[in-house]
Amino acid sequence: MREVVLIIVLMVAGLFAFSSCDPSTHTELAESFDSVKEVSPVPGGQDVTMNLEKEGNLDSFFTVSLDGSSEVEGWCIEWNEHASFGLNSGTNLYSTKGKDAWKGLNYFMKIKDDLRAKDPELKYQDIQVIIWSLIDKPVFDVDKIDEYENLSGRIYYNGNPYFNVQKVKDIVSQVKQSISEGVQVETGVILIENDGQTVMIGDETAFAVKTKSVGGEKAVDRDYSTCFDEEIIENVSFANWGWTNGPISENSGEIKYDIYAGAGQCDLSKGTLVGELTVKYSGGTFTATYKMTETSPYSGKTYTMTETHLWVGSEPYPTQNGKYTVAPGHYGNVDDHDHITEFTYEITGLSGPVYFIAHAVVSGFHP
């Protein structure tokens, strides 16, 4: 794959209405940054039609769909640029994977869902400001937020930020410290060149859930699966979406679950069926096999996995420092993958009924 260089020149700053992401006149990519950053073109990701909307049903700065595919989270790369909402034809996709200039951003996007699970109060505004803070150009100073008049309305109002300033600083510092200590970052994000500011999307998070047919439509089978926002334990619930499954008794046979990506608020209608999970619990051993079974209508290929996380235990959730958590990084069984379609965990030494949470990071929502 040949590398390309995106050369970017800032527009003269002006007063934008309410948001840096308001509609604008056509702005070429070469005019939208002011530094040189290396990226790689995504094969098959040229001359794509992008539909860009404000956050809508997703807890993100934008929602993005490519060539009419499922909506995914989108984020703003250039705080000082307009966005081109609606349909944008002829857009081009580039990958930041393996590029040192984007390492901080790549790492943050890898741990973003984990951070959200640990801190349910981490809002999309916090995440968006962290993204801007990790990108060298255009420079963004969180302490000067009230000077950025184009951000008024969605990021701050009357000098009052809609995000937690200290929390943003702490996470940015954590990311930079991890990078300086040599943390390995194998994943990347996708940058979308379009008529407005550059937009960023990543892979989708997915969870296993038991479903049943209701009126010809799939619905969550609550005898097996419980959304994180429900109190399966008194006074314990989470703002994040996803499901804990069980309890499952030994020798209950093989059980199949669906794997759904992007099903915010545990709403299957918002998500995409990408695969199935097969579990078996016998003789103190719990076996879980993730398998991507569905073909992406966008790429024409089977969805793939870049990460898997599995929790198995006598309680519905793992704990961190004595508190229950749904952060995937604390599930106890964690693996990174190079776009695989099947993976199996085998957990031994168990006894009595168990619960499990099966999480994956799934690709296939872009070429």
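This is a predicted model: local features need pLDDT of at least 70, side-chain atom pairs count only at pLDDT 80 or more; totals for chains, interfaces and linings use all residues.

Trainee: Fine. At what angle do α1 and α2 pack?

Mentor: Helix α1 covers residues 103-118 and helix α2 covers residues 124-134. They pack at an angle of about 160°, and their axes are 10 Å apart.

Trainee: What does that make α1 relative to α2?

Mentor: Roughly antiparallel, because angles over 145 degrees are counted that way. The crossing of α1 past α2 is right-handed.

Trainee: Which residues of α1 and α2 meet?

Mentor: On α1 they are Gly 104, Leu 105, Phe 108, Met 109, Lys 112 and Arg 116. On α2 their partners are Tyr 124, Ile 127, Ile 130, Ile 131 and Leu 134. Sorted by class, this contact of α1 with α2 has eight nonpolar, one polar and two charged residues.

Trainee: And α1 with α3, what angle there?

Mentor: About 120°, with 10 Å between the axes; α3 is the helix at residues 165-180. The two helices, α1 and α3, are therefore oblique to each other. Their crossing is right-handed.

Trainee: Which side chains am I looking for in α1 and α3? Residues, I mean.

Mentor: From α1, Lys 103, Gly 104, Tyr 107, Phe 108, Ile 111 and Leu 115. From α3, Ile 171, Gln 174, Val 175, Ser 178 and Ile 179. The class count for α1 with α3 is seven nonpolar, three polar and one charged.

Trainee: That leaves α2 and α3. At what angle do their axes cross?

Mentor: Roughly 45°, and the axes come within 10 Å. That pair, α2 and α3, is therefore oblique as well, and the crossing of α2 and α3 is right-handed. The α2 side of the contact is Asp 126, Val 129, Ile 130, Ser 133 and Leu 134, and the α3 side is Val 168, Ile 171, Val 172, Val 175 and Lys 176. By class, α2 with α3 comes to seven nonpolar, one polar and two charged residues.

Trainee: How many residues line the second largest pocket, and which lie nearest its centre?

Mentor: There are 27 in the lining, and Lys 97, His 339, Ser 363, His 366 and Pro 367 lie nearest the centre.

Trainee: Which strands supply at least two residues of that lining?

Mentor: β2 (36-41), β19 (304-313) and β22 (333-340) each do. The largest share is from β22, which gives four residues to the lining of the second largest pocket.

Trainee: How does the lining of that pocket split by class?

Mentor: It has 14 polar, seven nonpolar and six charged residues.

Trainee: Last topic. How many cavities of 30 Å³ or more are in the whole structure?

Mentor: A search finds one. The largest cavity holds about 40 Å³ of space.

Trainee: Which residues line the largest cavity?

Mentor: Glu 71, Glu 204, Ala 261, Gly 262, Lys 270, Gly 271, Thr 272 and Phe 365. By class, the lining of the largest cavity has three charged, three polar and two nonpolar residues.

Definitions and conventions: Residues are numbered from 1 along each chain as its sequence is written. Side-chain values use heavy atoms; hydrogens and water are left out. Axes are lines fitted to C-alpha atoms, for helices over the stretch in contact, and angles run from 0 to 180 degrees between N-to-C directions. Angles under 35 degrees count as roughly parallel, over 145 as roughly antiparallel, 65 to 115 as roughly perpendicular and the rest as oblique. A crossing is left-handed if the near helix is turned anticlockwise from the far one by less than a right angle, and right-handed if clockwise. Contact means heavy atoms within 4.5 Å. Ala, Val, Leu, Ile, Met, Phe, Trp, Tyr, Cys and Pro count as nonpolar, Asp, Glu, Lys and Arg as charged, and the others, Gly among them, as polar. On a 1 Å grid over the protein atoms alone, a cavity is a set of points where a 1.4 Å probe fits but cannot get out, and a pocket is an open set with protein on both sides within 12 Å along at least five of seven lines; lining residues have an atom within 4 Å of a point. Grid points are joined across faces, edges and corners, and a volume is the space filled by probe spheres set on the points.
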